[in-house]
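Morning, everyone. Please bring up the structure on your screens. I'll be brief.

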Amino acid sequence: MTLEITRRTALAVGGSALVAGSAAAQIQTQPATPPNLPVERGASLRMLRPVRFVQPDEEVWRANCQRFAQQHGIEVRVDFVGWEDITQQTAVTANTGAGPDIIVGFDGAPHLFSTKIHDLTDVATYLGTKYGGWRPLAQAYGKKGDQWIGLPMGASGGPLIWRTSALKEAGFDTPPDDHAGFLRMCQALKRINKPAGFALGNAVGDGNAFANWLVWSHGGYLVDEQGAVAINSPATIKALEYLRELYPTFVPGTLAWGDISNNRAYSAGECFVTQNGVSLYFSMKNDPAMRALAEDTQMTPMPKGMIDAAPNAGLTLNAMVFRHSRAPNAAKALLQFLMEADQYDPWLRANIGYWSQPLNAYAASAVWDSDPKISVFRDTMNNNFWNGYKGPITEGSVAATADYVMVQMCASVASGVATARPAAAEAERRARRYFRSR
Amino acid sequence: MSATTAPVWTKVRQQPGALTRLFDWKPFLIFICLLPAVGLLMTFLTYPLGLGIWLAFTDQTIGRPGVWIGLENFVWLAEDPIFWGAVFYSVFYTAVATIGKFALGLWLALLLNQHLPMKSLLRAIILLPWIVPTVLSAIAFWWIYDPQFSIISYVLIEMGLRETPVDFINSAWPARWSLIVANIWRGIPFVAISLLAGLQTISPSLYEAALLDGASPWQRFRHITFPMLMPILAIVMTFSIIFTFTDFQLVYAITRGGPVNSTHLLATLAFQRGIPGGQLGEGAAIAVSMIPFLVFATLFSYFALARRKWQQGESND
């Protein structure tokens with residue numbers, strides 16, 4: 001998919017230029033000096049990005065890149081690839097030293113290839129100063145020590161999504177914020193045959209999100225600050241014992257659930273409380289037959305449990321510039337350009353809430369007032385937890401997430417295959433392997 | 001007549017050029033003629049296989065090249081209950097599914113060998129499960145086994161036979177059996193059609209002779225059909241065992257190895273560890289560990305099932 005100017009993109013360029021005035025007014029900025037990045041003459045940039053959630057995401061993104069290309073008289077080509085493929089393509093690009101100049105990967109990807117990519121501290125410092133600072137999740141994924149190696153561009157969170165009517169019938173106005181209350185709510189829902197359900201199968205997104213919430217909200221973590229495996233802890237065992245009580249309240253079948261299963265079950269009225277991204281809400285809102293269900297739906301953060309805020313590591317877009325690029329200045333300047341209010345705010349609005357901003361100033365974006373129900377996603381990146389919390393992001397944390405170490409620990413306890421202690425010990429054994437040093 | 005010296009005509013044999021001589025030299029000619037085939041085999045068979053085996057002895061991950069670590073991957077796997085679970089299920093899956101496929105497939109072949117109306121059409125329909133791309137039938141089974149939206153659960157609940165959906169893939173043993181059923185469904189046509197081909201090569205005169213001698217249907221099957229079918233049975237079984245043991249798509253599309261790793265086959269575990277998990281070396285080690293099983297299965301089929309003694313009666317060695 002090369003960049004071509006079609007009537008549509010031309011319209012989008014016009015559109016984003018039109019709204020630029022209002023965006024600049026709404027987004028508060030502080031004075032900051034942009035880094036000196038002389039764009040290389042005749043440069044030609046290639047960028048790789050995960051595919052869109054919604055059509056306007058791609059249109060506005062392409063239009064923004066096109067404007068940058070026109071301003072500097074260079075070429076910019078954007079390719080969109082499937083979510084499952086981006087990690088492998090990044091690895092190949094990094095190892096062969098050939099391919100795209102910029103890859104917008106997921107989460108901790110820049111940490112795996114930190115020797116193959118350019119330092120982005122200058123751009124990140126400038127953007128941070130200008131737009132009110134970077135949010136905690138952006139700092140966790142973007143920084144290695146004091147150095148910025150990735151440029152986070154947005155995150156997609158997974159809050160609790162629930163049916164107002166079902167909760168009311170069970171005697172709750174809102175989901176309780178503590179573990180005991182949440183368990184009581186799920187038990188009450190089970191009694192009125194309107195059960196909750198959380199994925200415990202091999203589901204990359206939903207399974208990991210729930211398992212991470214369960215362990216983190218009890219104060220447990222996979223590895224400590226130094227990166228030593230610390231999953232086999234009293235906090236984890238407490239979390240698993242809690243799950244043993246919680247699991248019987250779920251709708252049957254959650255051990256076999258993939259990423260799509262809870263969307264289907266919730267939409268079909270088989271499950272009344274689950275954890276999911278904003279896509280579930282929009283799929284119902286945009287379907288006339290499901291409008292009533294969308295109206296009955298609310299989204300709030302997961303219970304915070306024993307910590308001070310609900311832990312949820314949103315899926316984060318994280319851009320990196322490769323050293324093999326012949327035009328590193330142009331690449332960095334393009335990323336900076338995309339994060340400026342004139343480009344970023346229209347893009348944020350085009351995404352209607354699917355992606356949430358990494359920079360504080362964009363919390364004022366009009367997108368968050370477009371539908372009161374999506375306001376829970378406004379603060380997705382105000383979160384102190386990341387995949388592989390609370391160690392440094394390494395190959396190990398990425399692999400442990402991809403291999404469902406935490407999910408399967410929880411699933412084995414829920415299914416009764418193992419009790420809490422052996423399950424935590426097994427997770428420790430597997431995690432040790434991934435975090436072994438070479 | 002003057003004596004003139006008759007022109008001496010000698011057959012001048014052109015000394016062949018060096019190139020011609022080279023091509024006339026048999027060993028070289030053989031080498032040259034084999035080169036394209038050998039090149040293709042080396043590039044597309046030996047190299048990937050060799051690379052896979054080499055990777056199994058390294059700690060390569062997606063993202064960085066590996067170093068030689070000897071048997072470390074295998075030592076780790078030997079202590080890994082998930083790996084042994086996958087070995088167990090691969091063997092169990094292959095054994096049960098193969099028995100099921102051959103029992104039902106042979107039965108189907110015998111039925112199809114009868115004179116039936118619209119025989120050709122029936123045979124074509126029988127092949128359908130085999131023709132449909134595996135991923136499509138796997139997705140169909142995924143829906144059939146869905147914890148919430150299974151058609152079987154729906155029918156049973158509507159008929160008042162059950163109150164809750166059937167647990168097909170939500171716990172270990174039901175999931176294992178469900179996958180085996182799906183694999184048998186998919187594999188029957190291959191076995192049935194291959195055995196049907198074998199059945200049709202058996203000369204009718206043998207059956208006529210047996211009938212004259214007053215043989216019962218069972219005796220005809222036991223002493224004519226079965227021995228005559230043995231050679232093709234051995235080949236088909238070898239292929240079937242290999243296909244089943246290396247199955248990937250059904251399991252990956254329906255359960256992804258879950259719940260809690262109870263339905264991982266060696267192929268799905270190798271993929272899970274190697275590609276999403278990024279541990280290429282370990283994934284390769286799991287894949288390499290399939291080789292002994294496959295070699296054993298192949299040797300068993302060839303040397304045991306294809307023995308003349310088995311085919312043609314006890315005394316004929």
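Start with helix α17 of chain A. This is a predicted model, so keep that in mind throughout. Which residues of α17(A) are buried? They are V405(A), M406(A), V407(A), Q408(A), M409(A), C410(A), A411(A), S412(A), V413(A) and A414(A). That is ten of the ten residues in α17(A), so the helix is largely enclosed by the rest of the structure. Buried here means 20 or more other C-beta atoms within 10 Å.

What do those buried residues pack against? Four helices of chain A: α9, α10, α16 and α18. For orientation, α10 covers 234-246, α16 covers 395-402 and α18 covers 420-434. Just after α17(A) comes G416(A), with a positive phi of about 85°.

Now take one of those partners, α9(A). This helix runs over residues 204-216, and α17(A) over residues 405-414. Their axes come within 8 Å and cross at roughly 75°. An angle of 65 to 115 degrees counts as roughly perpendicular, so α9(A) is roughly perpendicular to α17(A). Who makes the contact? From α9(A), we have G207(A), N208(A), A211(A), N212(A), L214(A) and V215(A). From α17(A), we have M406(A), V407(A) and C410(A). By class, that contact has six nonpolar residues, three polar and no charged.

Step back to chain A as a whole. It has 18 helices and ten strands. The radius of gyration is 22 Å, close to the 22 Å from the globule rule for 438 residues, so chain A is as compact as a globular protein of that length. Its C-alpha trace spans about 65 × 55 × 35 Å along the principal axes. Of its 438 residues, 54% count as buried. Look at contacts in chain A with a separation of 6 or more: 77% of them join residues 24 or more positions apart.

Next, the two chains together. How many residues of chain B are in contact with chain A? The number is 27, and they meet 28 residues of chain A. The chain B side divides into nine nonpolar, 14 polar and four charged residues.

Last stop, F149(B). It is in the loop between α7 (134-144) and α8 (151-158) of chain B. Is F149(B) buried, exposed or partly exposed? It has 17 C-beta neighbours inside 10 Å, so F149(B) counts as partly exposed. Leaving aside neighbours within four places in sequence, F149(B) contacts R264(A) and W143(B). P165(B) is 16 residues away along the chain, and its C-alpha atom is 8.3 Å from that of F149(B).

Methods. Residues are numbered from 1 along each chain as its sequence is written. Chains are lettered from A and ligands numbered from 1 in the order in which they are written. This is a predicted model: local features need pLDDT of at least 70, side-chain atom pairs count only at pLDDT 80 or more; totals for chains, interfaces and linings use all residues. Helices (H or I, at least four residues) and strands (E, at least two) are DSSP runs, numbered from the N terminus. A residue is buried if 20 or more other C-beta atoms lie within 10 Å of its own, exposed if 12 or fewer, and partly exposed in between; C-beta atoms are placed from the backbone. Two residues are in contact if their C-beta atoms, placed from the backbone, lie within 7 Å. Ala, Val, Leu, Ile, Met, Phe, Trp, Tyr, Cys and Pro count as nonpolar, Asp, Glu, Lys and Arg as charged, and the others, Gly among them, as polar. The radius of gyration is taken over C-alpha atoms; the globule rule is 2.2 Å times the number of residues to the power 0.38. Axes are lines fitted to C-alpha atoms, for helices over the stretch in contact, and angles run from 0 to 180 degrees between N-to-C directions. Angles under 35 degrees count as roughly parallel, over 145 as roughly antiparallel, 65 to 115 as roughly perpendicular and the rest as oblique.
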